[in-house]
Amino acid sequence: MPNVNSGKINLLRIAPPLGASTSMAITFSQLLALSPFHATRVEKIACYHCDEKMRQTKALYVKFNGQQRAVCCHGCMAILQTIERNDMIEDYLAARSMQIDVR
Ligand SMILES: [Zn+2]
């Protein structure tokens, strides 16, 4: 039998059962804390561009008009970056406010 294989077996035997169960308990409580079922509520935010609701953890962030804005996808991110690069921020914001007035 090669030396590499026997080394792996020795490593497994060395691990103490008590230490292993303790580290598993810590991992399990950490999992509970991270679990969506354990959380009081899931934070949902709206995409800055298209208003799509998304989990905050799924949001992408893009710098637009000097601020970090949350967007739902790379498409919305590309739109905001294109508007900023082409100096169309004022037009964009004006169009947005007109849309809000119509509603
Ligand atoms: Zn979007």
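What percentage of contacts in the chain between residues at least 6 apart in sequence join residues at least 24 apart? Here it comes to 17%, where two residues are in contact if their C-beta atoms, placed from the backbone, lie within 7 Å.

View 1. Residues are numbered from 1 along each chain as its sequence is written. Helices (H or I, at least four residues) and strands (E, at least two) are DSSP runs, numbered from the N terminus. Of the 103 residues, 8% count as buried. A residue is buried if 20 or more other C-beta atoms lie within 10 Å of its own, exposed if 12 or fewer, and partly exposed in between, with the C-beta atoms placed from the backbone.

**View 2. Helices α1 and α3, at the two ends of the confidence range.** The score to know is pLDDT, the predictor's confidence in each residue, from 0 to 100. Its mean over the chain is 79, and 58% of the residues reach 70 or more. Among the elements, helix α1 (residues 3–14) has the lowest mean, 56, while α3 has the highest, 98. A word of caution: where pLDDT is low, the predicted coordinates should not be read in detail.

**View 3. The largest nonpolar core, with 7 residues.** Look for Y48, V62, F64, V71, C72, C76 and M77. Strand β3 (60–64) and helix α3 (74–85) each supply at least two residues of this core. What makes it a nonpolar core is that its members are buried Ala, Val, Leu, Ile, Met, Phe, Trp, Tyr or Cys residues joined through C-beta atoms within 7 Å. In soluble globular proteins, nonpolar side chains tend to be buried together.

**View 4. The hairpin of β3 and β4, with 2 residues between the strands.** Strand β4 covers residues 67–71 and pairs with β3 in the antiparallel sense over 5 bridges. Two strands pair if DSSP finds at least two bridges between them. Check who faces whom: V62 stands opposite R69, and F64 stands opposite Q67. V62 also touches V71, M77, L80 and Q81, besides R69, not counting residues up to four places away in sequence.

**View 5. N65, in the loop between β3 and β4.** Phi of N65 is near 55°, a positive value in a residue other than glycine. Most residues other than glycine have a negative phi. Is N65 exposed, partly exposed or buried? N65 is partly exposed, because 13 other C-beta atoms lie within 10 Å.

**View 6. F64, a residue of strand β3.** Why does F64 count as buried? Because there are 20 other C-beta atoms within 10 Å of F64. Leaving out residues up to four places away in sequence, F64 touches R69, L80 and E84. Now find I89: F64 and I89 are 25 residues apart along the chain, and their C-alpha atoms are separated by 8.4 Å.

**View 7. Helix α3 and D87, which follows it.** With 12 residues, α3 reaches 16 Å from its first C-alpha to its last, close to the 16 Å expected at 1.5 Å a residue. That expected span is 1.5 Å times one less than the number of residues. D87 lies in the loop between α3 and α4 (89–102). Its phi is positive too, near 55°. D87 counts as exposed because it has 8 C-beta neighbours inside 10 Å.

**View 8. M54 in strand β2 (residues 53–55).** M54 is partly exposed, because 17 other C-beta atoms lie within 10 Å. Its contacts, not counting residues up to four places away in sequence, are K44, I45, C47, A59 and C72. V42 is 12 residues from M54 along the chain, and the C-alpha atoms of the two are separated by 9.9 Å.

**View 9. A70 in strand β4.** Having 18 other C-beta atoms within 10 Å, A70 is partly exposed. A70 touches I45, C47, Y48, A59 and Y61, not counting residues up to four places away in sequence. A70 and H49 are 21 residues apart along the chain, with 8.5 Å between their C-alpha atoms.

Definitions and conventions
This is a predicted model: local features need pLDDT of at least 70, side-chain atom pairs count only at pLDDT 80 or more; totals for chains, interfaces and linings use all residues.
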